[in-house]
Amino acid sequence: MAIKSHRASCSLKFLIVGGSISGLATAYALSESGHEVIIVEKSDGRTKVSGSVRSPPNMTRILKEWPGMAALFQRRATKCSGHWFGIACSRLLPAETSERVGFMKFHEQIMSELGADFFVLQHDDLRRELTSLCSAAGVAFEYGRTVVGVKSDDGVVSIALNDGKSLIGDIVIGADGRDSIVREIVDDHLEPTHTVAGINISIPTKVVEATEHLESMCEYNELTIWMGNGLSLTGALDSSAKTFDLSVCSPMRLEFVDGDWYADHALETTLPLELLRGCDPRLQKLIQKGYTCCPTVQVVFEQDDIVGLDGTAALVGDAAHSVLIHGSHNASMAIEDAITLGRLFSRLSDRKQIPLLLDAYREIRHPRTRATQESEYQSLVNISEPSGPLRDVRDGGLKATLSKEFEDFHNCEASALLVQSWEQYLVLFSHDANEEVDNWWSMWGSVVEALG
Ligand SMILES: Cc1cc2nc3c(=O)[nH]c(=O)nc-3n(C[C@H](O)[C@H](O)[C@H](O)COP(=O)(O)OP(=O)(O)OC[C@H]3O[C@@H](n4cnc5c(N)ncnc54)[C@H](O)[C@@H]3O)c2cc1C
């Protein structure tokens, strides 16, 4: 259902810290719900960066309702037909052959039931399109300004900027990523549980096409996942950008620098190549031909609160949760957060309702993002499993998906393997963030309205 269904009769002023995917999407959703929105972003908003994000069906479904987005997907995104699983390094051989051991096919029949497809698109393209949407909706931008402090007093929130000035509003939204400054006023009791590391690398498609035995990756629109010892590599073809975007991820802390998304990072000084020792040598060679990269060290945390107790703050995107960066759901959780806040605040008719609506946001989003965070992390652990019996069991299970029967949906429709392999994907893909809000509203809407 489209977001435009309601417009708040009581309008608030939202200050959004951070103008990347979650900040922009939240700004658009809130602005379409009838609120005034200002985005404060420390970058200039123009710096071009490389790297792709994935748009699973739960995200595509929301975005395609927004003006121009369906056209963007058609023009710039690459539809993904499944996930290939290959071996990156093995116990037996010093160098591997990228042998394929499993295929999670996105059967048309299932995807059409889900009502949306799995896409890969450039982060920059999505950011630019969301920026245009926000501008058209009347969102104000403060680029090149860094928020250095946030405080709230008696229902008014004030953010201090690096140039000594400050802005005042009703609610501050922390869309400022992993190292959120807004998080400090929401929940300063973070429980770091572990650290994951990742590097995204963009390689021109023509280089991949010229690499013997790996050229087939450019023939099909599949996500290729190489499973290694303590790390994994995921490659996605972006046909419109003519790049093959590869991310190297590990469920452990690796000894490299934590990069700034907007800065240039030289691959040779960023990626310790010994990490890849034992991996298919062609993969190693290919990686060295990458032209851009960005390393990330992500602290995975358990966070209880994503809204301020006094009703003046909320967190979205990577500030609110540590769903795996370079995974399939980091951007999708940001978009779901945005639509949830926007749809809830489209119902606002009185300021007294603010704490209830923020609490609803927490109640709806917290279990979903926590479950997704855990699921994404466990998948990373699974595909990075070091050599040993656990890994053999994993590969044995995956191999069954290569059977002829599994290729055709009608042959395997009733098979236990299909049900089992889709179980987790369906939980993640079928979630409808709009519907979640509507369900909440049908139960509690009258209580909120009674306050108005
Ligand atoms: C330029 C860029 C490129 C990215 N590329 C990829 C990619 O290729 N693959 C991938 O999986 N993920 C990528 N990500 C991360 C991805 O966007 C997030 O994991 C996910 O989409 C959630 O986004 P977010 O908006 O919550 O956080 P982020 O994308 O981290 O955005 C946070 C924003 O807040 C701004 N900010 C932070 N602190 C302040 C402050 N104090 N004052 C003002 N502004 C502040 C930052 O400049 C940034 O623009 C990228 C992020 C950025 C910013």
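Ala, Val, Leu, Ile, Met, Phe, Trp, Tyr, Cys and Pro count here as nonpolar, Asp, Glu, Lys and Arg as charged, and the others, Gly among them, as polar. On that basis the shell around the ligand has 14 nonpolar, 15 polar and 4 charged residues. The model is predicted: local features need pLDDT of at least 70, side-chain atom pairs count only at pLDDT 80 or more, and totals for chains, interfaces and linings use all residues. Residue numbers start from 1 along each chain as its sequence is written.

**Overall form**
- The protein has 16 helices and 18 strands; helices (H or I, at least four residues) and strands (E, at least two) are DSSP runs, numbered from the N terminus.
- The radius of gyration is 22 Å, which agrees with the value near 22 Å for a compact globule of 452 residues; this radius is taken over C-alpha atoms, and the globule rule is 2.2 Å times the number of residues to the power 0.38.
- The C-alpha trace spans about 65 × 50 × 40 Å along its principal axes.
- Of the 452 residues, 46% are buried; a residue is buried if 20 or more other C-beta atoms lie within 10 Å of its own, exposed if 12 or fewer, and partly exposed in between, with C-beta atoms placed from the backbone.
- Among contacts with a separation of 6 or more, 76% are between residues 24 or more positions apart; a contact requires C-beta atoms, placed from the backbone, within 7 Å.

**Ligand surroundings**
- The ligand is surrounded by 33 residues, of which Gly18, Ser20, Gly51, Gly177 and Gly317 are the closest; a residue is near a molecule if its C-beta atom, placed from the backbone, lies within 6 Å of it.
- Helix H1 (21–32), strand S2 (36–41), strand S3 (52–55) and helix H10 (330–345) each give two or more residues to this shell.

**The five-stranded sheet**
- An open sheet of 5 strands runs in the order S8-S2-S1-S12-S18 with parallel pairing; two strands pair if DSSP finds at least two bridges between them.
- Strand S8 (140–143) and strand S18 (313–315) are the edges, each with a single partner strand, so one side of each has no neighbour in the sheet.
- From one strand to the next the twist averages 20 degrees; axes are lines fitted to C-alpha atoms, for helices over the stretch in contact, and angles run from 0 to 180 degrees between N-to-C directions.
- S2 and S8 are parallel and share 4 bridges, with Val40 opposite Glu142 in S8.
- H1 packs on the sheet, where it touches strand S1 (13–17), S2 and strand S12 (171–174), and its direction makes about 170 degrees with that of S2.

**Strand S3**
- S3 is covered on both faces, with Ser52 and Arg54 buried on one side and Val53 and Ser55 buried on the other.
- S3 runs antiparallel to strand S7 (residues 119–122), joined by 4 bridges, and Val53 stands opposite Leu121 in S7.

**Individual residues**
- Val186 lies in helix H6 (residues 183–186) and is buried, with 23 other C-beta atoms within 10 Å.
- Leaving out residues up to four places away in sequence, Val186 touches Gly174, Asp305, Ile306, Val307, Gly308, Ala313 and Leu315.
- Asp154, in the loop between strand S9 (147–153) and strand S10 (156–161), is not a glycine but has a positive phi of about 50 degrees; Asp154 counts as exposed, with 6 C-beta neighbours inside 10 Å.
- His326, in the loop between S18 and H10, is not a glycine but has a positive phi of about 75 degrees; His326 counts as buried, with 25 C-beta neighbours inside 10 Å.

Conventions
Two residues are in contact if their C-beta atoms, placed from the backbone, lie within 7 Å.
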